[in-house]
Amino acid sequence: MYDICCVGHITSDKVVNSRSVMFMPGGTAYYFSCALSKFDVNYLLVTALAPAEMRYVDELNAKGVEIKVQSSAHTVAFENIYAENQDERTQRVTQKADPFTMAQLAGADAKIFHLGPLLADDISLELIRELAKKGKISLDVQGYLREVVDFKVHAAGWPQKVAALQYIDILKADVAELKALTGCATVEEGAEMVAGWGVKEVIVTNGSSGSVIFSAGMFYTIPAYQPETIIDATGCGDTYMAGYLYQRNKGAGIQQSGEFAAAMAGLKTAGAGAFVGTEEDVVGFWKSFNE
């Protein structure tokens, strides 16, 4: 039995910002896995990508990540273009990977399944329903709210949201995604609506403005912890969720888990690429804001 199992595609990413152009692996599967690679947790990644990009699996294996991988006709290819304000991003998708199936998850038993769809057809409602019989379900909703038109990523609705969210224990969305999901004008209204659909913990991130978590009728305010210089914000949400689920799996409360997650995400922005630090690194960075 694994503590946490992440299901998602590793992507082939092109990241463009005001200072550089970088080529690297990415996606929830990659950033989430790297973030947990040095933590004391029994972790499994279930992913799919084309043979040409299997080196990404080798890279994660070298970091100590256990992976169940399925060959796909293509690897998801993203371009992430950032403005000077790192909270603003434009995305393009130049190719898609095969969707996940229950056969790929045979034998994968976990306390928490973290689902990281990048596009709406990556993970079906049927797959969510089946995984919910095995463990708690955490979902980063972003992929269900995207459509690709002429290679550009645009916001879209999720017709199956009410049917699917009854199976979700923990949902992560940013402010724009929450509004797209609910149509509500405020975070408070949106979080309450999502909870009404059955989600037990609603996490709403807002970049450098911090995050809020709604659970059992209570809102928890989580500050942002930022380094002096922000180098790369790609993968911050995935890093946040890795820290949050790690803490929740250990039995930590929502406030502590959220603050640890925020510190982990903030520390990640201090360098390019994925977070590969330790729990001690996160705690030290977190404590530096309270001294």
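Colleague: At what angle do the axes of α1 and α7 cross?
Modeller: Roughly 50 degrees, and the axes of helix α1 (residues 28-36) and helix α7 (residues 236-249) come within 8 Å. Axes here are lines fitted to C-alpha atoms, for helices over the stretch in contact, with angles running from 0 to 180 degrees between N-to-C directions. Helices are DSSP runs (H or I, at least four residues) and strands are E runs of at least two, numbered from the N terminus.

Colleague: What does that make α1 relative to α7?
Modeller: Oblique. Angles under 35 degrees count as roughly parallel, over 145 as roughly antiparallel, 65 to 115 as roughly perpendicular, and the rest as oblique.

Colleague: Is the crossing of α1 and α7 left-handed or right-handed?
Modeller: The crossing is right-handed. That label applies if the near helix is turned clockwise from the far one by less than a right angle, and left-handed if anticlockwise.

Colleague: Which residues make the contact?
Modeller: From α1 there are T28, Y31, F32, A35 and L36, and from α7 D238, T239, M241, A242, L245 and Y246. Contact means heavy atoms within 4.5 Å. By class, the contact has 8 nonpolar, 2 polar and 1 charged residues. Ala, Val, Leu, Ile, Met, Phe, Trp, Tyr, Cys and Pro count as nonpolar, Asp, Glu, Lys and Arg as charged, and the others, Gly among them, as polar.

Colleague: Before we go on, what sort of model is this, and which pLDDT values count?
Modeller: This is a predicted model: local features need pLDDT of at least 70, side-chain atom pairs count only at pLDDT 80 or more, and totals for chains, interfaces and linings use all residues. Residues are numbered from 1 along each chain as its sequence is written, and side-chain values use heavy atoms, with hydrogens and water left out.

Colleague: OK, rings. How many aromatic pairs does the structure hold?
Modeller: There are 10. Rings of Phe, Tyr and Trp (its six-membered ring) pair if their centres lie within 6.5 Å; planes under 30 degrees apart count as stacked, over 60 as edge-to-face and the rest as tilted. One of them is Y144 with W158, stacked at 4.1 Å centre to centre and 5 degrees between the planes.

Colleague: Where do Y144 and W158 sit in the chain?
Modeller: Y144 is in the loop between β9 (136-140) and β10 (146-149), and W158 is in the loop between β11 (152-155) and α4 (161-165), 14 residues apart. Y144 is buried, as its relative accessibility is 3%, and W158 is buried at 9%. Buried means under 20% relative accessible area, exposed over 50%, partly exposed in between (1.4 Å probe, protein chains only).

Colleague: And what about F260 and W286?
Modeller: That pair is edge-to-face, with 6.1 Å centre to centre and 80 degrees between the planes. F260 is in helix α8 (residues 254-268) and W286 in helix α9 (residues 279-287), 26 residues apart. F260 is buried at 1% relative accessibility, and W286 is buried at 15%. Ring pairs also link F39, Y246, F260 and W286 into a cluster.

Colleague: New topic: which phi does F151 have?
Modeller: F151 has a positive phi of about 75 degrees, although it is not a glycine. Most residues other than glycine have a negative phi. F151 lies in the loop between β10 and β11 and is partly exposed at 45% relative accessibility.

Colleague: Where is A216, and is A216 buried or exposed?
Modeller: A216 lies in the loop between β14 (211-215) and β15 (218-222), and is exposed, with a relative accessible area of 77%. A216 has a positive phi of about 50 degrees and is not a glycine.
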